[in-house]
Amino acid sequence: MSTEDVLAAATRAKEAAYELATATRATKDAALEAMAAALAAHEPAILAANTTDVERAEEGGTAPNIVDRLRLTPERLAQMAQGLREVAALPDPVGEVVRGGALPNGLELRQVRVPFGVVGMIYEARPNVTADAAGICLKSGNAVLLRGSSSARSSNAAIVAALREAVVSAGLPADVVQLVPGDTHESVKALMRARGLVDVLIPRGGAGLIRSVVEESTVPVIETGVGNCHVYVDASADLDKALAIVVNAKTQRTSVCNAAESLLVHADVADDFLPLVIDALAERGVRIHGDARFGEYDGIEPATDEDYATEYLSLDIAAAVVDDLEAAIGHIRRYSSGHSDAIVTESQSAARRFVAAVDSAAVLVNASTRFTDGGEFGFGAEIGISTQKLHARGPMGLPEMTSTKYVVTGDGHVR
């Protein structure tokens with residue numbers, strides 16, 4: 001596929017976005033319900049396409065954890081459909097008045113939420129993102145151009161075919177949901193350079209993908225970040241709480257961006273806590289890359305600077321003993337990716353200092369980093385977790401998929 005094909009798709013998306021921007025909530029919700037039903041109706045075709053992708057990945061020697069993210073099952077497809085229904089049940093952000101009132105001269109001023117227009121999604125492996133992104137973009141009034149990885153191309157094509165059929169049945173143009181033509185880097189580059197047709201790009205995947213999009217795109221990017229997340233066990237921590245939080249943050253699900261990758265322990269509780277946490281993590285197959293203090297125990301691999309900077313997404317964790325709260329904060333400032341960092345403490349002053357000094361999208365007190373999630377936050381859905389500081393930060397729900405405009409109403413006012 002050529003650059004012209006990608007630009008043609010973006011042009012169609014732009015036209016479709018104009019119509020979608022004025023659609024009622026009832027129409028959008030009907031489309032989402034139809035999309036959910038279409039996934040069920042097309043289950044055999046979608047699963048057959050996914051089998052093709054999975055077999056190709058396995059034959060190519062793809063890592064098992066990546067193959068698992070690629071694989072669809074009837075249960076996972078049902079979860080995708082349920083996700084679309086849940087988005088339908090959420091409030092519509094479009095038209096919400098952010099602020100407003102009457103100016104001294106009598107003009108009425110309102111700042112209201114409006115769609116971006118056309119959203120480009122560049123993502124890896126998971127075909128469930130195809131349905132999630134389409135649903136969230138549609139509800140927030142945006143047309144979406146989906147560029148999944150080539151490893152999932154058959155699955156994504158089957159899913160998008162079902163979704164396009166569904167939105168047409170609800171009275172919306174099919175081109176509110178499109179796959180970007182082509183599966184080479186040239187098609188990705190064309191999408192990243194489609195400034196004026198594509199309003200915003202959202203990369204979702206590993207550090208290399210995100211860095212590539214941020215550095216090469218001329219289209220504005222909302223950066224979803226990698227998760228080098230920390231749990232710090234303070235001197236005043238309840239060690240039972242700390243153990244449960246560390247184990248959950250590291251092992252509940254390892255391949256996600258809000259899993260803990262680093263553990264810091266205050267020196268005052270190290271003698272009591274290290275044997276507990278080392279045994280608990282070892283029982284669950286976690287490899288600990290530790291500093292000299294951790295290295296006093298059996299089975300610990302020496303940690304390097306690279307270990308402390310790594311998002312493992314596996315049963316590995318970097319660990320260190322720190323002298324005090326300020327040392328923990330300094331370590332996090334140096335190595336954290338700004339995603340989610342947690343403190344376990346019974347000290348209000350320590351919690352306040354940590355919250356004020358740690359500059360991350362989510363800072364958690366006595367809670368697992370695994371809670372940094374749109375669904376867990378009560379947003380109902382998310383398109384990713386932003387680690388940047390402009391417009392959206394943290395889990396990006398429906399409101400974060402909108403911009404705003406000012407509506408000024410007068411009665412013949414002139415300046």
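Of the chain's 415 residues, 49% count as buried, where buried means under 20% relative accessible area, exposed over 50%, and partly exposed in between (1.4 Å probe, protein chains only). This is a predicted model: local features need pLDDT of at least 70, side-chain atom pairs count only at pLDDT 80 or more, and totals for chains, interfaces and linings use all residues. Residues are numbered from 1 along each chain as its sequence is written, and side-chain values use heavy atoms, with hydrogens and water left out.

**Overall build**

- The chain holds 14 helices and 16 strands; helices (H or I, at least four residues) and strands (E, at least two) are DSSP runs, numbered from the N terminus.
- The C-alpha trace spans about 70 × 65 × 35 Å along its principal axes.
- Among contacts between residues at least 6 apart in sequence, 72% join residues at least 24 apart; contact means heavy atoms within 4.5 Å.

**Helix 10 against helix 11**

- Two packed helices are described by the angle between their axes and the distance between the axes.
- The axes of helix 10 (residues 239-251) and helix 11 (residues 267-283) come within 10 Å and cross at roughly 40°. Axes are lines fitted to C-alpha atoms, for helices over the stretch in contact, and angles run from 0 to 180 degrees between N-to-C directions.
- Helix 10 contributes Leu239, Ala242, Leu243, Val246, Val247, Lys250 and Thr251. They meet Val269, Asp272, Phe273, Leu276, Val277, Ala280 and Leu281 in helix 11.
- By class, this contact has 11 nonpolar, 1 polar and 2 charged residues. Ala, Val, Leu, Ile, Met, Phe, Trp, Tyr, Cys and Pro count as nonpolar, Asp, Glu, Lys and Arg as charged, and the others, Gly among them, as polar.

**Aromatic pairs**

- A search of the whole structure finds 3 aromatic pairs. Rings of Phe, Tyr and Trp (its six-membered ring) pair if their centres lie within 6.5 Å; planes under 30 degrees apart count as stacked, over 60 as edge-to-face and the rest as tilted.
- Tyr308 and Tyr335 form a tilted pair, because their planes stand at 45°, with ring centres 5.6 Å apart.
- This pair links distant parts of the chain: Tyr308 lies in helix 12 (residues 305-308) and Tyr335 in helix 13 (residues 325-335), 27 residues apart. Both Tyr308 and Tyr335 are buried.
- Phe377 and Phe379 have ring centres 5.8 Å apart and planes at 85°, so they pair edge-to-face.
- Phe377 is partly exposed at 39% relative accessible area. Phe379 is also partly exposed, at 34%.

**A buried lysine**

- Lys14 sits in helix 1 (residues 3-21). Its relative accessibility is 15%, so Lys14 counts as buried.
- Leaving aside residues up to four places away in sequence, Lys14 touches Val118, Gly196, Leu197 and Asp199.

- Leu313 is not a glycine, yet has a positive phi of about 55°. Leu313 lies in the loop between helix 12 and strand 11 (316-322) and is partly exposed at 24% relative accessibility.
- His391, not a glycine either, has a positive phi of about 70°. The loop between strand 14 (385-386) and strand 15 (394-395) holds His391, which is partly exposed at 49%.
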